Amino acid sequence: MDAPAKLEFQATDLFINRELSLLEFNQRVLEQAKDESQPLLERLKFLCISSSNLDEFFEIRVAGLMQIAEAGSAQRGPDGISPQEALTAISTRAHALVEEQYRTFNDVLVPALEKERIRFLRRSEWTPEQEAWLRQYFSTELLPVLSPIGLDPAHPFPRILNKSLNFIVTLSGKDAFGRNIGFAVVQAPRALPRLIQLPRDIKGSGPYDFVFLSSVIHAYVDDAFPGMDATGCYQFRVTRNSDLFVDEEEAKDLAEALEDELSQRQWGDTVRLEVADNCPESLWNYLMQEMQLTPADVYQVNGPVNLMRLMAIPDLVERADLKYVPFVPRIPKALTTDIFTTVRERDQLLHHPYDSFAPVLEFLRQAARDPKVLAIKQTLYRTGAKSPVVEALMEAARNGKEVTVVVELRARFDEADNLDLAQKLEEVGAHIVYGVVGYKTHAKMCLIVRREESAAATGGATSALRYYAHLGTGNYHPRTARQYTDYGLFTSDQDLCRDVHAVFLQLTSLGRVSKLHSLLQSPFTLFKETQDRIDREIAHAKAGKPARIIAKMNSLVEAEMIKKLYEASQAGVKIQLIVRAMCSVRPGVPGLSENITVRSVVGRFLEHHRAVYFHNDGKSELFLSSADWMERNLYKRVEIAFPIKDKKLRGRILDQLEAYLADTAQSWSLQSDGRYVRTAIAGEPLGKPVQIQFLEENS
């Protein structure tokens, strides 16, 4: 019998474009704003998040593609799409997404909020009393800090700060010097509130009446041009390339080089122009040319040019019935006393945000004060400006502990905070390392070295050094630990801890890689060891044995890993992927990926943890990781994946992965054409969202 013909696939058949996939994730976030099962003010937050996500998408993703295209590169990605083709497709999809964002705001959320007496008042709706109050507010609070800039040969078009609120104003009449200016730009300082709440005691005002700063400036912009008439006033906003470039090979001092680059972040190349949809074509064309953009880069919007301004509303509105029910994270009873004793007896697992981050802080505080603790080693990627983790490390250094902290200065948008905390730690005597040139340190690790007494073979007592570690999938950040789903493992498994110690030595001494016995590490072993385990599942499938892989992560776009998954699918391995954001896999393609399913869960909490399960003919393996399956994580970062050796904990995590796979309330299924559809089946009950299940289990 002849062997079946080998199927041939083009690059576009194999991979979904990563940038278009990320836009589809943002669509799923926007869908939460329309979901009437969500509390109303939380729906408003989802709209804001979709706007913020899109900002970063343009600042980083689109900006990078534009640089490549402008350099003349025609090199195609794994998906077979050139940079220019990608930019064209992105523009089409992003314009549709922006239009839907504003339609959701104007037609869905605004009417729903008005029913709850939360109003955004247009100028045509102001009562005489409100108008008088706002005019006074403009005169006393706004006008003194505005600096209108007339546009003439002596006043060229000003530099526009990244993502700032600005107005292009058309003028008639002559200024004090007899000049016909014609145009002016008014920049709204960032110190000004973007939303102004009207006092409730003004006649005609409700409990929560708000006016946009842009509406107030529109109404009274004439006052900024004495003796002239403002015939038009239109808001606009510019997005710039915000990725930092530091030549680490040339920089003598990485911190100093990064500080210099940070000062220029707000002035990168322009990548997008947002403008009010009532702005005349001649004006937005003028702005477009000044910004050196094309019509494809212009976004006309029906509303505030920055929907993120609305994020302040939930904090200003005291309506608990319109918000998520507050929850108190669980603190496992075993971790409420001496953590070292507890962890020495058995590994402990935290599942954030359902489990509290407090035990992690207590672990560090106990280490800082324990006379038996000799050293603490810690990686920090994102911790926040005022971090209790840093405070505990500073206390440890003051108490004479040997404290070594690997601070990743290049954590995007957290660079300034990380520079500051590194300086604070250095001032109290901690050893600060900035990682490895060319590789971001993204691994989440804390290692404690403790001198403990133990029974000697002769019956006497002796002392020896013992390691304790905390390994995580997320950052050491108490606030995001209440918003992101992550795992954290406490362990005193000495083989695993010695591996952690070896990675720290590698980061601080720059010595050669030690052989690791339990950890998988990027950029050295994580990719190969993962592929080897997929190959093992392939072998089991070909031998007629059950073969299964479950992988949960934020993004999956690395081409070789995807090809290996296709190979496994063709061999009969059941592959279930839970990918929150970007995913380049095409599931369900005949002859290629029939055995692959991909789902995305979007809900109250940001799904952030990474976990990979291998059935292994019943001898299962499960790894938790700081790494997504992206080129940067597998080859250009220091990452770790750590095994869950405790059978009970492994079973707990597997049960949770199965719960994600069973969710029909907040999950979306990826189709082979790149679309996502709700997993829910028409006519069948939705069931309880998986995140709510976990909240109730921990209550």
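1. In this predicted model, the side chains of Arg 450 and Asp 370 come together in a salt bridge, with an N to O distance of 2.8 Å. The two partners belong to distant parts of the chain, 80 residues apart, with Arg 450 lying in strand β15 and Asp 370 in the loop between α11 (358-369) and β11 (373-380). Both Arg 450 and Asp 370 are buried.

2. Strand β15 (residues 444-455) also holds Glu 452, whose side chain meets that of Arg 344 in a salt bridge of 3.3 Å, N to O. This pair too links distant parts of the chain, since Arg 344 sits in helix α10 (residues 339-345), 108 residues from Glu 452. As for burial, Glu 452 counts as buried because its relative accessibility is 10%, under the 20% limit, whereas Arg 344, with a relative accessible area of 34%, is partly exposed.

3. A further salt bridge joins the side chains of Glu 621 and Arg 533 at 2.9 Å, N to O. Here the distant parts of the chain are strand β24 (residues 621-625), which contains Glu 621, and helix α15 (residues 526-542), which contains Arg 533, and the two residues are 88 apart. Glu 621, at 21% relative accessibility, counts as partly exposed, while Arg 533 is buried, with a relative accessible area of 13%.

4. For context, a search of the whole structure finds 40 salt bridges.

Note on methods. Residues are numbered from 1 along each chain as its sequence is written. This is a predicted model: local features need pLDDT of at least 70, side-chain atom pairs count only at pLDDT 80 or more; totals for chains, interfaces and linings use all residues. Side-chain values use heavy atoms; hydrogens and water are left out. A salt bridge is a side-chain nitrogen of Lys or Arg within 4 Å of a carboxyl oxygen of Asp or Glu. Helices (H or I, at least four residues) and strands (E, at least two) are DSSP runs, numbered from the N terminus. Buried means under 20% relative accessible area, exposed over 50%, partly exposed in between (1.4 Å probe, protein chains only).
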